[in-house]
Amino acid sequence: MESGKEKPAYTEACGIIELDPEDIKKLGVWRNTNVRVTSEFGSVIVKAIEATQGPHPGLGWIPMGPWANQIICPKTYSTGMPTFKGTPVTVEVANDEQVLGSIELVTLACRSE
Amino acid sequence: MAEYLIKNGYVYDPILGINGDKHDVAIKDGKMVDASAVKNAKVIDANGMTVMAGGVDIHAHIAGPKLNIGRNFRPEDKLFNAKPGQGIKHMVAGHSVPTTFKFGYIYANMGYGFAMEAAMPPLYARHTHEEIRDTPIIDEAALPVFGNNWFVLEYLKNHEIENTAAYIAWILRATKGFGIKNVNPGGTEAWAWGMNCSSIHDNVPYFDITPAEIVTGLIEANEYLGLPHSMHVHGNQLGEPGNYKTTLETLALAKGYKPNSKFGRDQVLHQTHLQFHSYGGDSYSSKSFESKSKEVADYINKQDNITFDLGVVTLDDTTTMTADGPFEQHLSHMNHLKWANTDVELETAAGVVPFQYRKNTFIAVAQWAVGLELALYAKDPMKCFLTTDAPNAGPLWRYPRVIKWLMSEQARNEVLDDAKYGEKVRDRCYIGELDREISLYELAAMTRAGTAKALGLGNMFGSLRPGMEGDVVVYPYSPESENPEDIEYAFGNAKYFIKGGEMIINDGEIVSNGNKRTFWVDCKVNENAQVQHDIEEKFKRYYTVGLNNYDVNEKTFLPNPHRIEVDATQ
Amino acid sequence: MGKIVTDVVCPFCGTLCDDLEVKLSDDGKEILEVYNACAIGATKFLHSQASDRLLRPRMQQDDGTWKEVSYDEAVEYTARILADAKKPLMYGWSSTSCEAQEVGAGIGEMVGAVMDNTATVCHGPSLIALQDVGMPSCTLGEIKNRADRVLFWGCNPVHAHPRHMSRYSIFPRGFFTGKGSKSRKVIVVDPRCTDSSKMADVHLQIQQGHDYELLDALRVAFKGKELPDVVAGIPKEKIYEAAETLKSGRFSVIFFGMGVTHSLGKNHNIDEAIAVTRDLNDYTKAAIMPMRGHYNVTGSGQVWGWQFGFPFCLDLSRGFARYNPGETSSNDLLRRDEVDAVFVLGSDPGAHFPISSVKKIAKLPSVCIDPHITPTSAVCKLHVPVAFVGIEVGGCAYRMDNVPIETRKVIDPPEGVLTDEEFLSRVSDRVKELKGV
C-alpha cells in the first residue's frame, strides 16, 4: 500500500481472494488460479489463494482495496457506511482472465459508464 | 493604535475605589491611561451605562479534550442554535458546549478579556492549546492537573516538597501551563481501578498517600515556587449529600500557610465551584438534603488565605465534564444518560455526561439556591467569584442570568415561586431568608478585580488604573434601572468592549477577532538531578509518548505567547 | 557517518509510534534507514524517495493522458471548482496534519462544502455509537500499565497495527503489569483464525455478521442469566468463560475494528460493544478503544469538533454546520448525485469507496492532493503531489486514543514540491478573491 498502488506488489497483495481449502476443493481448482467473484453488485477477477489465516469454510476474504470494492454492497442503510463485509458472492474459475492492476481496474470501470 | 476616551458612564472599580461615579476612562497604546494623556481619542459616550474593567474568569471549561468529547458526542447540543458566519465572525453552534469561535464571542459579549481553562491533562496539552489558539479575542491560560499525578503522589508521600516543586515547574514549562490544579485528590488515581476516595483520610490504592497529604503538599509546593496563582482545588466528594464536612476539612488544611507571591494574591487555597461541595443531609430527597452554605461561608469569612468561586446552577440542560472520573460514572448511573470517560496514564482522568437541572425537581432548585447563598453570605466579594463551573452547573453564557439573581431578590423569588418545590427549597435552604442584593461595586470585585488578584494578574487586569491592560467594557445598564431583566440583558450584550486597546465590540457588534494571547508561567528552579532522573525513568518505562515528544512546542501551538517569569531559585 | 534523527513520529496508522529513528546521509538529503518502525512505516519513509515520484501537478486530458501543469495553475483550477460548485465534497483529511486540516476547514466554510474524512468508511459507526451511548476509554499507557484482560474484536493488529501489541496491549511490562504478556489474558473474536488470534489465549471464531448477538450474549452472561446453547456460532460455555475472564480481571480493555464497523449492525454493533464495557465497569475497571486507521483521522475529527461541533459528515453548505450520516455522508451524497465537485486530500477513496461511488467522482470536476499515484488520482481531473507530513514537513497528529503528538520534519521535500498547508493556503487566498471576501 505504501510502496505504490500502481505497482504490481499491490495487485499481488490485494487482487486476491483467500479461500478455505475445502472451498477450493469444491471449486475444483488449483490454488493461485484466477477466479471470477460475482455479487449482486458487480464482478471482479482476482487470484484465488489458500487461506493464510484460516480455516474459515464458507468465508472468502479479499483485502480492502479496489478489487473488493467492485463487488461489496454499497448500501449504507442510512448510516453513511457501505456494507463492506458480509456480501454473499459466487466464485467460479476464470483461468484465462487477467487480474487487472488497481489503476486499470478503476479507470476501466469508470469509463464503462 | 487608536486612542479611546469613554465619558459619562457610571464607573465601578474596587481597586481605585470608584463606586458609580461618572469618571472619564482613557486608553492609549493598548493600556489604561489618565484621561489627560489622550489627545486624539475616539470618544465613546457611555451616558446611562455601566463601565468596568474587562472581566476575568477564574474557572471555566473552555478548551481541551473533554470539551471536544462533549461536542463530538452531543450532536443534539447543536440543534436549533447554529448561526452562520457574519462579517468577521465564523459560523457558530453549541448550547452547553460551544465551538471555540463561539466561546470567544460569548466572552466578548459578556465583556470578559481573560479566561482560565480550569483543567488541562498534561499529556493532552497540545489539544488544549490548539483549542485556545482557535478561540478568538480573549487572553487565556490553562491549569494543568496535579492531584493524581504519579510523580506528585510519590514525592508527597515522603513530603519531598522541593522535588514536587521542581516537577511542577517542569510540567508548567512542558505544557505551557499556568498553575496548580488539584481535582478530587487521590480519588481519580483510585478511579483508574474503578474506585474513589470518600474522605480526605482515605489511602490512595498502591500509592499509600491521603488526599489531605496531597492538598497540603501541593499548597507547600505552590508557595515554594511563589506562583502567581494559588493551589486551585476541586475537593473530594463533589456532589455528595453531606459533603460539606469533607469540604470544611479540606479548607482547614490551608490553616497556617501564608502566601509567598510577588504577584499580589492573599490566598494559598482557591476552592472551586464551592456550591457542589456545600451539601448537608444524606440524600437528594427534600426530606434529607439541606444547604450548608452558611456553615461553609462562615468558616471562609473567618479566614484570610482562602478564595472560592461559586459554580452556580442555572437550571438548564447542560453537559457535565470534569477530571472527577468516578463522579461522572456515578452521575450516569443516576440519570441513565450517555457517559464518556478517559483515564490518562500517570496523570488524571476525565468524564463527560449530559445533565438536566430541571426547575420542577426539588434538588436542582436546592442546588441553585446553595450557589447563590454562598455569594450572599460572603463578607468579602474580593474573595468570592462568579462562575457556573461552565458547563457543569450551567452554560458559560448564563453568567448574566446569575448576575441578575445575585443583584435582585425579586428575580430570585420569581424562580422559587415558579418552581414546583419552591417552598420545600425555602425550607431546606437559606435562600428564603436572604434579602441581600449584590451591588455593582461588589459585582466588579467578583468578576474582575478579585479574580485578577487571585490569579496574580492584578497588575494587568481587573481595574482601570493607568498602566493596566486596556480592557474596558461598557454595559448598556443603568444603575437606576428597576427591572431585573435589564441586568440579564445588559451583562450579556456589551455595548462597547475594548480588549488590549483594540475595539472588539462597537455599538453592540463584534468588529474584530482581536489578538489573543496565551499566558503561561515559566518558573525557574534549581537543577534537580533526582527529578530529572525520575522523569527520564518514567517516560522510558511507563509513558507511551517519548520524553522528547512531550513538550508543547511554543512556536507551533502558542502563536502569541505571554510568559510570566517566576524565579524560585532562592 | 550519517545523521540519526531520533524521536521520529511515524505517519502511517493510528498507533502513531513516536520512537522511530531515521538515518540520513551525511548531507541530510537522503533517508538511508529507518529503525524501530514496522514494515509499513519503514516503507512509507523509504518509498518517499522513490525515483519515479511525481514532482509537479498534472491535469488529465480528454484522451486520458496527463499533462504537467504548474502549482499556480493547479491552485487556480482547484479554487475555481470549489468556488463555482453549489455543494462540493471535500474528502479525506486523514493522512495530513492538523495545521493543513485547519486551513482546509476555512476553505470549506467559505465555499459551503461538505467536509468528510475517512471515518466515513472506517470508524464512523463508532463515532455514531459514541453519540448514542458514550464511551468509557483511556490512553494507551493505561493499557500498558494496568490492563490484564485484552479483547480484540473484529480487528487484526498483527497486520493492521503491527507494533500495537508490543508497544501497548500485550507485551509491555508496565507499572502494574511487570510480567508483560504473562500479566495478561488475551481474547480474539474474529471469523477467521487470524495471526492475531494465534497470539491469543482464546479465539472465539464468530459467525461473520453476528457480532451484535454475541456482544449482547456477553452482557447476559455478566449477569449470570440463561443463554441459548449457541450464539453467533459460539457455544454458550465459551461465552460464560469469556465473560468470567473479563469480569475477573483488574482492568479489561476491548479494542475493536472493521470487523464490527463494516458488518451489518454497524453502529449498533459498537453501541453494544460499548454497553458491554459499561456493564463491565460495574464489576471491575474496563475501557474500550477503536483501532483508528489513518494516523490523523482522529485529528480531523478533533479539529472539526472544536471548530464546528461534529467529527465527520460535516455539511457546511447552508452556511452553518449540519450533521446527519446517511444524508451528509460521502458515499450517500455521491450515490444520490448531490455533490457537484470533489476535492480529495490525504486519502484514497478511489481504492476504498465502493466502485459505484468512484464512478461518480470520475464524472465530476475533481482534484486529488496526494504524493502517490492512486486509483483516486487516476480518476480525478487534477492530481497535485505534495510533501509527506511526518517526513518532509512536521505537523500535529492525534493518536487512536486522542493523544496529540507533533510529527517531525526529517528531510526537505523535493525541490519545489509544496506542503498540504502551503497549497491549501494558496487555494484559500484565491477562493477569497473569487468569493469577494
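Tutor: Gladly! Let's start with Tyr167(B), which touches Phe146(B), Asn149(B), Phe151(B), Val152(B), Tyr155(B), Val531(B), Ile535(B) and Tyr543(B), leaving aside residues up to four places away in sequence. Contact here means heavy atoms within 4.5 Å. This is a predicted model, where local features need pLDDT of at least 70 and side-chain atom pairs count only at pLDDT 80 or more, while totals for chains, interfaces and linings use all residues. Residues are numbered from 1 along each chain as its sequence is written, chains are lettered from A and ligands numbered from 1 in the order in which they are written, and side-chain values use heavy atoms, without hydrogens and water.

Student: How many residues does the largest nonpolar core have?

Tutor: In soluble globular proteins, nonpolar side chains tend to be buried together. A nonpolar core is a set of buried Ala, Val, Leu, Ile, Met, Phe, Trp, Tyr and Cys residues joined through side-chain atoms within 4.5 Å; buried means under 20% relative accessible area, exposed over 50%, and partly exposed in between (1.4 Å probe, protein chains only). Here the largest core has 233 residues, and Tyr167(B) is among those with the most contacts inside it, as are Trp368(B) and Phe152(C). Helix α11 (residues 362-377) of chain B gives this core its largest share, 13 residues. Helices (H or I, at least four residues) and strands (E, at least two) are DSSP runs, numbered from the N terminus.

Student: How much area do chain C and chain A bury between them?

Tutor: The size of an interface is often given as the accessible area lost when the parts come together. Buried area is that loss (1.4 Å probe), summed over both parts. For chain C and chain A the value is about 3700 Å², with 61% of it on carbon and sulfur atoms. Arg192(C), His352(C) and Ile355(C) supply 18% of the area that chain C buries against chain A, more than any other three residues.

Student: How many salt bridges cross the interface of chain C and chain A?

Tutor: A salt bridge is a side-chain nitrogen of Lys or Arg within 4 Å of a carboxyl oxygen of Asp or Glu. The rule finds three across this interface. Asp52(C) and Lys7(A) meet in a salt bridge through their side chains, at 3.1 Å from N to O.

Student: Is Tyr206(B) buried or exposed?

Tutor: Tyr206(B) counts as exposed, because its relative accessibility is 55%. Tyr206(B) also has a positive phi of about 70°, although it is not a glycine.

Technical notes
Buried area is the accessible area (1.4 Å probe) that two parts lose on being put together, summed over both.
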